[in-house]
Amino acid sequence: MAAFVCPSMFGQDAPRPPGGGWCNDIKSCLDRAATRRGSTRHMSRLEVFSGILSNNASFNPDFYNWNRVKLRYCDGASFAGDAVFNNGTTLLYFRGQRIWQAIILDLLPKGLAHANKALLSGCSAGGLATFLHCDNFANYLPKNASVKCLSDAGFFLDARDVALNHSMRYFYKSLVSLQGVQDNLNKNCTSAVGYPEQCFFPQYVLPYIRTPFFILNSAYDVYQFHHILVPPAADPHGHWYHCKLDPKACNAVQIATLQGFRKYMLQTLQPFFMNSTSGGMFLNSCFTHCQSESQDTWLAPDSPRVHNKSISEAVGDWYFSRRISKEIDCAYPCDNTCHNQIG
């Protein structure tokens, strides 16, 4: 996750959670614990701050002089777990929610408590974390502060895969159960849906978020393409192998399937697009995943554009209320500004 922004303001890309996926069973969580995705012991000491985190006015004109903080991600549940697993031989602590709270409480006396502008953002699993923690983040700040949230590549869909299974739904269900996430989900959402674990999906919690929100996503997000739409278990014979490596290698049926996935994403976002007066959106048609922390996609001479607007411009227009900023790209393959990152 990310940061603070603004000279004497705190904003997130102020706290900014990074991506890193999740774990939903004991084996995957044990494996994760021995890597940088599960312990600070294995993380690099230095982090590159680029894109929305850059302190260069030419590369990040709206947020370059903000205070910025990056939250290191190691819990495997988008900072939302709170449980202990102990079967006598294996001991695992799931403490994402407590880590989130501890970091924010540490930052408050360092300036966050007096912020007049703040932006909480995150990419991938960190982008999902912004949906889960946006209102909580706002509650810590002064009532007269301008607090907003941005999710980059975090709008993970509750969609069927190509074998017509709800693979991601079952994955999140087991994750929520193992890591004790349910009590930390949006209460208005969990009381309204049939199954509380659905509120780990952004599409179900979004209507209940009160804080102004910006959704930055690709309609052909590579992670979702490879793990939600066509997970390995749904394609045992590798019919999608070449298509996954290069969209130009997709056959007509595969392209139609990808267009159907885009259509479903647009449908789930339609109420937000039509009804949110404080929300913003930049939905492009690039085969990519995470675009706000990479300089070449955030703001560069050849960075991706929708309606001739860069991601940096769209986010700045939204945050500072310069103009309505809800940009939706045409369908693949119309956009020639994309930086496709696939394979």
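Contact here means heavy atoms within 4.5 Å. Here are a few points on this predicted model, for you to follow in the viewer.

1. Let's start with helix α11, which spans residues 311-319 and is mostly covered, with eight of its nine residues buried. The buried set is made up of Ile311, Ser312, Ala314, Val315, Gly316, Asp317, Trp318 and Tyr319.

2. What do the buried residues of α11 pack against? Their partners are the strands β6 (117-123), β7 (146-152), β8 (213-218), β9 (280-284) and β11 (309-310), together with helix α10 (295-298). After α11 comes Ser321, which has a positive phi, near 55°.

3. Next, have a look at the pair α7 (residues 222-229) and α9 (residues 252-275). Their packing angle is about 105°, and the axes lie 12 Å apart. Because angles of 65 to 115 degrees count as roughly perpendicular, α7 is roughly perpendicular to α9.

4. Which residues bring these two helices together? From α7 come Gln224, Phe225, Ile228 and Leu229, and they meet Thr257, Leu258, Phe261 and Met265 of α9. By type, the residues of this contact are six nonpolar, two polar and no charged.

5. Leu258, in helix α9, deserves a point of its own. Its relative accessibility is 4%, so Leu258 counts as buried, the cut-off being under 20%. Leaving aside neighbours within four places in sequence, Leu258 is in contact with Tyr220, Phe225, Leu229, Trp240, Cys243, Cys250 and Phe287.

Methods:
Residues numbered from 1 in each chain as written. Predicted model: local features only at pLDDT ≥ 70, side-chain atom pairs only at ≥ 80, totals over all residues. Heavy atoms only, no water. Axes fitted to C-alpha atoms, helices over the stretch in contact; angles between N-to-C directions. Helix = DSSP H or I, 4+ residues; strand = E, 2+ residues; numbered from the N terminus. Parallel < 35°, antiparallel > 145°, perpendicular 65-115°, else oblique. Nonpolar A, V, L, I, M, F, W, Y, C, P; charged D, E, K, R; others polar. Buried < 20%, exposed > 50% of the residue type's maximum accessible area, 1.4 Å probe, protein only.
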